[in-house]
Amino acid sequence: MFRPVLLLTLAAVSLAAGTAGADVYKYTDEKGNTQYTDKPPSLPAERLNVQSQRTDVVAAQERSQEVIRANTTPPPAAGNSLADQRAAAETTAKDKADRCVKARERYDRYMNSPKLFEQGKDGERRYLSDAELDAARASAKASMDVLCQ
């Protein structure tokens with residue numbers, strides 16, 4: 001039972017954006033369970049060499065846009081009635097317009113917010129650095145440009 005929790009904890013610690021470049025320690029608690037943390041409650045604790053990197057927000061956004069484009073509804077078959085084709089075109093146009101509006105709103109929020117934050121699993125906010133804020137704004141702009149063509 002503790003093995004999946006342990007693996008998830010280790011994965012979360014190694015992949016969390018807030019811990020990139022931070023030290024990770026392994027120790028055994030008073031109940032004999034192995035724990036992983038960035039702040040050991042007591043010493044001795046074994047320092048682990050965990051390699052991590054920050055996610056390229058713009059590249060991730062582009063990949064998600066490719067998935068959206070790949071999963072869009074194909075055009076109606078030639079055998080469908082003209083009314084069906086018009087209804088499908090209207091639905092597709094409405095969905096595209098809705099996605100464009102949401103992308104514009106996101107971009108406006110990012111541009112007008114002096115600070116942005118990520119919500120941690122524990123509910124704490126981690127404010128983005130200036131570089132991360134610029135990358136998030138660029139990602140929102142790229143997303144808006146793709147969806148509002």
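Guide: Axes here are lines fitted to C-alpha atoms, for helices over the stretch in contact, and angles run from 0 to 180 degrees between N-to-C directions. The model is predicted, so local features need pLDDT of at least 70 and side-chain atom pairs pLDDT 80 or more, while totals for chains, interfaces and linings use all residues. Residues are numbered from 1 along each chain as its sequence is written, and side-chain values use heavy atoms, with hydrogens and water left out.

Visitor: What makes up the protein in terms of helices and strands?

Guide: The protein has 4 helices and 5 strands, in the order α-β-β-β-α-α-β-β-α from the N terminus. Both are DSSP runs (helices H or I, at least four residues; strands E, at least two), numbered from the N terminus.

Visitor: At what angle do α2 and α4 pack, and why is the pair called roughly parallel or antiparallel?

Guide: Helix α2 (residues 57–70) and helix α4 (residues 130–147) pack at about 20°, their axes 8 Å apart. That angle makes α2 roughly parallel to α4. Angles under 35 degrees count as roughly parallel, over 145 as roughly antiparallel, 65 to 115 as roughly perpendicular and the rest as oblique.

Visitor: Which residues of α2 and α4 meet?

Guide: Val57, Val58, Gln61, Gln65 and Arg69 of α2 meet Ala135, Ala136, Ala138, Ser139, Ser143, Val146 and Leu147 of α4. Contact means heavy atoms within 4.5 Å. The residues of this contact comprise 7 nonpolar, 4 polar and 1 charged. Ala, Val, Leu, Ile, Met, Phe, Trp, Tyr, Cys and Pro count as nonpolar, Asp, Glu, Lys and Arg as charged, and the others, Gly among them, as polar.

Visitor: What makes a set of residues a nonpolar core, and which residues form the largest one?

Guide: A nonpolar core is a set of buried Ala, Val, Leu, Ile, Met, Phe, Trp, Tyr and Cys residues joined through side-chain atoms within 4.5 Å. The largest has 10 residues: Ala103, Tyr107, Tyr110, Leu116, Leu128, Leu133, Ala136, Ala140, Met144 and Leu147. Helices α3 (82–112) and α4 each supply at least two residues of this core, and α4 gives the most, with 5 residues. Ala136 touches Val57, Tyr110, Leu116 and Leu128, not counting residues up to four places away in sequence.

Methods
Buried means under 20% relative accessible area, exposed over 50%, partly exposed in between (1.4 Å probe, protein chains only).
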